Amino acid sequence: MADPAPPSPEVLTGPFRMPRQMLADQSYAGHASVHDESTAADLGLAGAPIEGPTHFSQFDPLLASLWGEDWFARGWLSSHFQTMVVEGEEVQATVTVPAPGSTTVRVDAAKADGTPVLTGTASIDGDASATELAPRLARMRESPPGRLHVLDRISVGQRGSGDETVTVGFDDDFGEMYPFSLTDKLAAITEPLDWYRSGADTPWGAPIVPIEMLSVLTNAGARYAGFVARQPSIGLFIDLEVRLLGSPVLVGHAYRIDREVVALGESRRTESYWTLTTLTHDDTGVPTAQVLLHQGVFKDSYPGYPHEETA
């Protein structure tokens, strides 16, 4: 008698959403970013891309349907960005559960024509070696780049000052890197969940900061910590992983920011670096979230980049 076929994976599919561009006015080091239409065109892109973490929100209802409120306290989303999305395009999120009781699931997002936007993994207290970014980071560490020209001031092991803190209020502006407030984001977010709202009655006693916003909290002040590329140059996000360690990040609460460069990389078009940032509740001293961000700079955006030396 033949062995029974394994059960088919369960696939959860969200609705198509049309994410909004929030960074058209982003600037740093005195120039516009890749999210500006003219700058994107100069780099040969089809349009000004929407920030990758925006798509994370589309997974929240799907993953909460699997894990309930635990998703917002202990969720772990690990993603590799594949294709840029411009405003006006529709995106759909899917979650593939390989087996009943699985602690790690596949996540994917795609455009209406099937073009992949991102791929990754999600879990609750999952296996660190099973995340989407674990093997990518390992490969980068095993094959460090040679001489870097735009990121030569950044080194593996480099840390922030250790005295950075952030408190998110609904109407606080995040500065030129993120020229909007939490209220602005909530007016545009693809999944406007009740727990995000002012006065929300949540299990943690305060409104929660959307998971897609954690990269904003950790990246907004990175340049003040010395994590800077030579200028003028234009950056982009390549990979992003967000892990909650027992509680959401809460509106109105203060968090210490500790950051460290954990790898450097290079591709044909970019130089890049990986930063692991921890948010620790300032009152309790308990780590609340970690953000692993792999970001790069376009070589062609740096005047006089010596391509012949890195061919």
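I start with the second largest pocket: helix 4 gives the largest share of its lining, four residues. Before going on, the conventions. This is a predicted model, where local features need pLDDT of at least 70, side-chain atom pairs count only at pLDDT 80 or more, and totals for chains, interfaces and linings use all residues. Residues are numbered from 1 along each chain as its sequence is written, and side-chain values use heavy atoms, with hydrogens and water left out.

Helices (H or I, at least four residues) and strands (E, at least two) are DSSP runs, numbered from the N terminus. On a 1 Å grid over the protein atoms alone, a cavity is a set of points where a 1.4 Å probe fits but cannot get out, while a pocket is an open set with protein on both sides within 12 Å along at least five of seven lines; lining residues have an atom within 4 Å of a point. Points are joined across faces, edges and corners, and a volume is the space filled by probe spheres set on them.

The second largest pocket has a volume of about 260 Å³. It is lined by 14 residues, and the closest to its centre are Trp76, Leu137, Glu241, Leu276 and Leu292. Helix 4 (133-142), strand 9 (235-244) and strand 12 (287-298) are the elements that give two or more residues to this lining. By class, the lining has nine nonpolar, two polar and three charged residues. Here Ala, Val, Leu, Ile, Met, Phe, Trp, Tyr, Cys and Pro count as nonpolar, Asp, Glu, Lys and Arg as charged, and the others, Gly among them, as polar.

How many cavities of 30 Å³ or more does the structure hold? One. The largest cavity contains about 60 Å³ of space. Its lining includes Thr218, Asn219, Arg259, Tyr273 and Val291. Helix 6 (214-219), strand 11 (270-281) and strand 12 each supply at least two lining residues. Five of the lining residues are nonpolar, five polar and one charged.

Next, strand 8, residues 164-167. Glu164 and Val166 form its covered face, Thr165 and Thr167 the uncovered one. Strand 8 runs antiparallel to strand 10 (residues 254-266), joined by four bridges; two strands pair if DSSP finds at least two bridges between them. Thr167 stands opposite Ala254 in strand 10.

Last, the whole protein. There are six helices and 12 strands. The C-alpha trace spans about 65 × 55 × 40 Å along its principal axes.

Key. Buried < 20%, exposed > 50% of the residue type's maximum accessible area, 1.4 Å probe, protein only.
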